[in-house]
Amino acid sequence: SLFSGRKRWWFYPPPRSALSRHHAVRAAEADEEERRMLAPAAPGAEARERERLPLVCEQVPGDVMYVPTDWGHMTLNEETSVSLSREFTWDGEESDAYFINTLQL
């Protein structure tokens, strides 16, 4: 959950999700350039071309983000931000089940 600030998120669905060694600022610049270079295309063709790009969204205060299993993601703070995050699984681990059951959002 984001309490203050603004974050940009990139989501990479399987099978394109992978760990990266690129700094978020450099990756964001490369993504922006790649989107700018996409030529206008016929209806349907543009959608196919964009399928290889990550999904991008902006998180503002009050938004809670959920990253599905096996999806890669990257974040970039657009402003100084304060947030709380928790990684958990649905495999029945006691600590995760306890945490999920005690959430009071």
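Student: In this predicted model, is Asp 70 buried or exposed?
Tutor: The cut-off for exposed is over 50% relative accessible area. Asp 70 has 58% relative accessibility, so the residue counts as exposed.

Student: Where is Asp 70 found?
Tutor: Strand 3 covers 55-59 and strand 4 covers 72-77. Asp 70 is found between them, in a loop.

Student: What is the phi of Asp 70?
Tutor: Most residues other than glycine have a negative phi. Asp 70 is not glycine, yet its phi is positive, near 70°.

Student: Which backbone atoms does the side chain of Ser 81 reach?
Tutor: Ser 81 is placed in the loop between strand 4 and strand 5 (82-83). At 3.3 Å its side chain reaches the backbone nitrogen of Arg 6. At 2.8 Å the side chain of Ser 81 reaches the backbone oxygen of Glu 79.

Student: Which residues is Ser 81 in contact with, leaving aside neighbours within four places in sequence?
Tutor: Contact here requires heavy atoms within 4.5 Å. With those neighbours left aside, the residues in contact with Ser 81 are Leu 2, Ser 4, Gly 5, Arg 6 and Lys 7.

Student: What pattern does the chain follow along the sequence?
Tutor: The secondary structure comes to 3 helices and 5 strands. Read along the sequence, their pattern is β-β-α-α-β-β-β-α.

Student: What share of the contacts with a separation of 6 or more comes from residues 24 or more positions apart?
Tutor: The chain has 105 residues, with buried ones making up 19%. Among contacts with a separation of 6 or more, the share from residues 24 or more positions apart is 79%.

Definitions and conventions: Residues numbered from 1 in each chain as written. Predicted model: local features only at pLDDT ≥ 70, side-chain atom pairs only at ≥ 80, totals over all residues. Heavy atoms only, no water. Helix = DSSP H or I, 4+ residues; strand = E, 2+ residues; numbered from the N terminus. Buried < 20%, exposed > 50% of the residue type's maximum accessible area, 1.4 Å probe, protein only. Polar contact = N/O pair within 3.5 Å; in protein donor to acceptor, adjacent residues only side chain to side chain.
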